[in-house]
Amino acid sequence: MKKIIVTGGGAAGMMAAVSVLQMGGRVVLFEKNEKLGKKLFITGKGRCNLTNDCDMETLFQNIMTNSKFLYSVFYGFDNHAVMDWFEKAGCPVKTERGGRVFPVSDHAYDVTAALERELRRGKADIRLHTEVKRLLAEDGKIKGVELADGSVEYGDAVILATGGLSYPLTGSDGDGYRMAEAEGHTIKETFPSLVPLTVQEEWCKSLQGLSLKNVRASLFMERKKPLYEGFGEMLFTHFGVSGPLILSASSYYGKKGKGEKAVLRLDLKPALTPEQVDKRLLRDFEENKNKQFKNSLGKLFPSKLIPVMISLSGIDGEKKVHEVTKEERVRLAHLIKDLRMTVTGTRGYAEAVITRGGVHVKEVNPSTMESKIIKGLYFAGEMLDVDALTGGFNLQIAWSTGYQAGISAVEGGGRNS
Ligand SMILES: Cc1cc2nc3c(=O)[nH]c(=O)nc-3n(C[C@H](O)[C@H](O)[C@H](O)COP(=O)(O)OP(=O)(O)OC[C@H]3O[C@@H](n4cnc5c(N)ncnc54)[C@H](O)[C@@H]3O)c2cc1C
């Protein structure tokens, strides 16, 4: 029986270990935390959006980096296979808006519990509180791993699934990158991605807690063409902006916007043309013509946004609505369609949903997940230079790469122990 060492008990590592067991292999799983799947518990706001119920084309469209590399593993264990797997493992799933798949229970815990049950059933040797320090390789072939306490574990193959750099408190703090690099792998420069953005304007901070639904956002850097354009929900925070729309925008900003300024432009009424916005203002103004301007905007904006819009429009809030000039009204209409903020950076890894960059995919066999540098070494999950947008796609990467790494490790691993 082949003995496979899995390093990292996150989504990818657990799925890899399950797949080793299914293939008839023996698993030793090292996880430095006190429990498995620490990050999984906080995914999808504690509900775990574990994959997306979409077609293959959409799956690939949502991959931001190196989608071609994932071709084989996605076809080998796709989103529907993932849903089936969890159903059969006692974690029924449901599909919500945008194809997002969650456990029926709405508890991320049930996703980890299903994987853990399979691991225990297959008698995986799970070693918690155990940190892997170094890979042991000789003549281009993996031998095992060295643990933090100096002891050594030998195996026929090693699957490295230590995650990226985001949310380091969950255990993913870049260990795997260092270990892979030490064995000759190239690490593509990493960036926090799917991350809130910091904004320069002070007024933005005064909107802290305000969530805007159905707005259009576009992000510009030096070019005239937007880096990103999207529609959806966003949130103002004490440092800037967050929410699904902004996280998606950050995925485009990430690499290019390393500390560089960008302009975020919001269309607060994307369903209306500029002319329709002006007409709407005329109507509202007519209805409120004897009110003070500051008391006339209740139907147009949430109350928190009103003082900001008044201040940015430059219209005296105290004046009567019938005194607002055409020029002022046009200015307000323009602001509604094009509210601008200066993006100064991201909130970094501490608040990033994922890490962009990682183990260079040119050095990994896309059909097997095996290293092209060290035989018997396999990679899975976020530590690879692959990433996706929100919607369950990042976990799909973890499941698919983990599943394949497990199969390949048993099929291809040598005999060391
Ligand atoms: C707040 C948040 C919400 C998210 N929500 C979603 C979502 O709803 N849907 C989605 O698709 N994606 C989501 N993601 C992204 C998703 O969680 C990750 O892409 C996924 O967890 C990556 O899995 P992984 O197994 O590669 O890495 P991880 O889950 O990070 O697991 C790596 C594991 O390796 C362990 N480890 C690290 N170094 C060592 C070492 N030296 N020795 C032993 N063990 C080690 C770590 O402790 C960790 O447990 C979210 C991420 C965050 C931060």
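This presentation describes the fold of one protein chain, from its overall make-up to a few single residues.

Good morning. The structure is a predicted model, in which local features need pLDDT of at least 70 and side-chain atom pairs count only at pLDDT 80 or more, while totals for chains, interfaces and linings use all residues. Residues are numbered from 1 along each chain as its sequence is written, and side-chain values use heavy atoms, with hydrogens and water left out.

I begin with the whole chain. The protein chain contains 13 helices and 21 strands; these are DSSP runs, at least four residues of H or I for a helix and at least two of E for a strand, numbered from the N terminus. Along the principal axes, its C-alpha atoms fill a box of roughly 85 × 40 × 35 Å. Of its 417 residues, 58% count as buried. Buried means under 20% relative accessible area, exposed means over 50%, and partly exposed lies in between, with a 1.4 Å probe and protein chains only. The chain exposes about 18000 Å², of which carbon and sulfur atoms supply 51%; these areas come from the Shrake-Rupley method with a 1.4 Å probe, and for residues only the protein chains shown count as cover. Contact will mean heavy atoms within 4.5 Å. Among contacts between residues at least 6 apart in sequence, 73% join residues at least 24 apart.

I turn now to the open sheet. Its five strands have the order E7-E2-E1-E11-E20, with parallel pairing; two strands pair if DSSP finds at least two bridges between them. At the edges are E7, residues 125-127, and E20, residues 377-379, each of which pairs on one side only. From one strand to the next, the twist averages 20 degrees. Such angles run from 0 to 180 degrees between N-to-C directions, and axes are lines fitted to C-alpha atoms, for helices over the stretch in contact. E2, residues 26-30, is joined to E7 by three bridges, and valine 28 has aspartate 125 in E7 as its bridge partner.

Helix H1, residues 11-22, packs on this sheet and touches E1, E2 and E11, its direction making about 165 degrees with that of E2. What does H1 meet in a right-handed crossing? The partner is helix H13, which covers residues 393-412. A crossing is right-handed if the near helix is turned clockwise from the far one by less than a right angle, and left-handed if anticlockwise. The two axes come within 7 Å and cross at roughly 35 degrees. On the H1 side the contact includes Ala12, Met15 and Val20, and on the H13 side the residues include Trp399, Tyr403 and Ile407. By class, this contact has 11 nonpolar, four polar and no charged residues. Here Ala, Val, Leu, Ile, Met, Phe, Trp, Tyr, Cys and Pro count as nonpolar, Asp, Glu, Lys and Arg as charged, and the others, Gly among them, as polar.

The next region is built around strand E9. Why is E9 largely enclosed by the rest of the structure? Five of its seven residues, within 141-147, are buried, and E9 is therefore largely enclosed. Strand E8, residues 132-138, runs antiparallel to E9 and is joined to it by six bridges, with valine 132 opposite leucine 147. The two strands form a hairpin with two residues between them, and aspartate 139 in the turn has a positive phi of about 50 degrees. E9 also pairs with strand E10, residues 152-154, in the antiparallel sense over three bridges. This second hairpin has four residues between its strands, and glycine 150 in its turn has a positive phi of about 95 degrees.

There is also a closed barrel of six strands, E13-E16-E15-E14-E17-E18, with antiparallel pairing. Its neighbouring strands are turned by 45 degrees against each other on average, direction ignored. Five bridges link E17, residues 262-267, to E18, residues 339-346. Helix H12, residues 326-337, lies across E17 and E18 and runs at about 110 degrees to E17.

I close with two residues. Is serine 166 buried or exposed? Serine 166 has 0% relative accessibility, so it counts as buried. This serine lies in the loop between E11 and helix H7, and, leaving aside neighbours within four places in sequence, its contacts include Lys39, Tyr349 and Glu382. Proline 274, in helix H10, counts as partly exposed because its relative accessibility is 47%. The C-alpha atoms of proline 274 and valine 195 are separated by 31 Å, and the two residues lie 79 residues apart along the chain.
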